[in-house]
Amino acid sequence: MIPRDFFTDLVQFLQEDTRFAKWGAQIESQLNTLVFEKHHGDTQRWKAAFDSLPDVQHPSVNISKDTLTVDSDEGLCVDQQSQLLQGLQGLKPWRKGPFQFFNQFIDTEWRSDWKWQRVGPHLSPLKGRTVLDVGCGSGYHMWRMLGEGAGRVIGVDPSNLFLWQFEAVKKYLTASSVGKPRAHFLPFKMEDVPDKLQAFDTVLSMGVLYHRRSPLDHLSELHGALREGGEVVLETLVIDGALGEALMPEDRYAMMRNVWFLPSTDTLALWMRRVGFKNIRVVDQNYTSIEEQRSTEWMGFNSLKDFLDPNDPKKTVEGYPAPLRATLIAEK
């Protein structure tokens, strides 16, 4: 069972902040239906792994570094080191990071810090802003935004494993001098966020759009979540093409089944204009490298190099163009 106290602070915030009154009125019902009444086969294993993480008095935490770091002046005793390793390994696979928990480095599948280095400088100053991170993974970018001064960050991602990984970091931040951080994870889809909240200052959607059957619906959801003048940060797979062009894979793309539309950046900007975004600009475009996404001991499954044509790395194994990701920023 997922502990109810994972969500206590968030429920209180949504019910007390008038901007989120619409969500606050239904959040407890949503949690019951979408979280507490559902049972994932691995929940007991993940909970046991989380519970084995050792309690440490007053750890030091740095969420402003490329490697998010939890440490302690006293260090961990042998038993604590064993408990830590057992807990972290029980929460495999680790896909987004990297993290350093005391003496244990977690070399995640994705070098999420590289993406942050490319995208972060283009964001409006985050100080005091309320942020929604859609498809937040284990929360790496949520912590980076909090480290940049964001007032509160809410992440949504339907993976329960990512929830436990996020809470592993939050456990040590809460025990540190920082106290309970204003960051919250909901194992929800974007579709579960009430429509037209018009409440967030910044909304991120990174690596989500191409998984949606209707990209325009997703863009409309992002638009509706933002307050007037708010900022959207959209990162997705694209193709090198002209206005109006988009790729729809016949079946799989880079071995992924749930990929629907890869537009050109001009086509994507048009989609964004049609749902009401303005001042749209491409701030980053980058072919994903096998150094940025790869198998590690903390994510031991196939990764990008297995999804590319071994004779032509500019193509996927299906013959489509290799993964090209673009980040666009716009305002409501």
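Met255 lies in the loop between β12 (246-247) and β13 (262-263); helices (H or I, at least four residues) and strands (E, at least two) are DSSP runs, numbered from the N terminus. The phi of Met255 is positive, near 70°, although the residue is not glycine. Met255 is partly exposed, with a relative accessible area of 39%; buried means under 20% relative accessible area, exposed over 50%, and partly exposed in between (1.4 Å probe, protein chains only). Asn279, likewise not a glycine, has a positive phi of about 50° and belongs to strand β14 (residues 278-287).

## Basis of the model

This is a predicted model, in which local features need pLDDT of at least 70 and side-chain atom pairs count only at pLDDT 80 or more, while totals for chains, interfaces and linings use all residues. Residues are numbered from 1 along each chain as its sequence is written, and side-chain values use heavy atoms, with hydrogens and water left out.

## The open sheet

An open sheet of mixed pairing is formed by 7 strands in the order β9-β8-β7-β10-β11-β17-β14. Its edges are β9 (183-186) and β14; each has a single partner strand, so one side of each is left without a neighbour in the sheet. Direction ignored, neighbouring strands of this sheet are turned by 15° against each other on average (axes are lines fitted to C-alpha atoms, for helices over the stretch in contact, and angles run from 0 to 180 degrees between N-to-C directions).

Two strands pair if DSSP finds at least two bridges between them. Strand β8 (residues 152-156) runs parallel to β9 and is joined to it by 4 bridges. Gly155 has Phe185 of β9 as its bridge partner.

## Asp133 in strand β7

Asp133 is found in strand β7 (residues 130-134). This residue is buried yet has no salt bridge, and the nearest side chain of opposite charge, Lys96, is 8.7 Å away. A salt bridge is a side-chain nitrogen of Lys or Arg within 4 Å of a carboxyl oxygen of Asp or Glu; Lys and Arg count as positive and Asp and Glu as negative, while His and the chain ends are not counted.

Neighbours within four places in sequence left aside, the contacts of Asp133 (heavy atoms within 4.5 Å) are His141, Met142, Met145, Ile154, Gly155, Val156 and Leu204.

## Cis peptide bonds

Lys92 and Pro93 are joined by a cis peptide bond with omega about 0°. Pro93 is placed in the loop between α5 and β3 (96-97). A cis peptide bond also joins Gly97 and Pro98, with omega about 20°.
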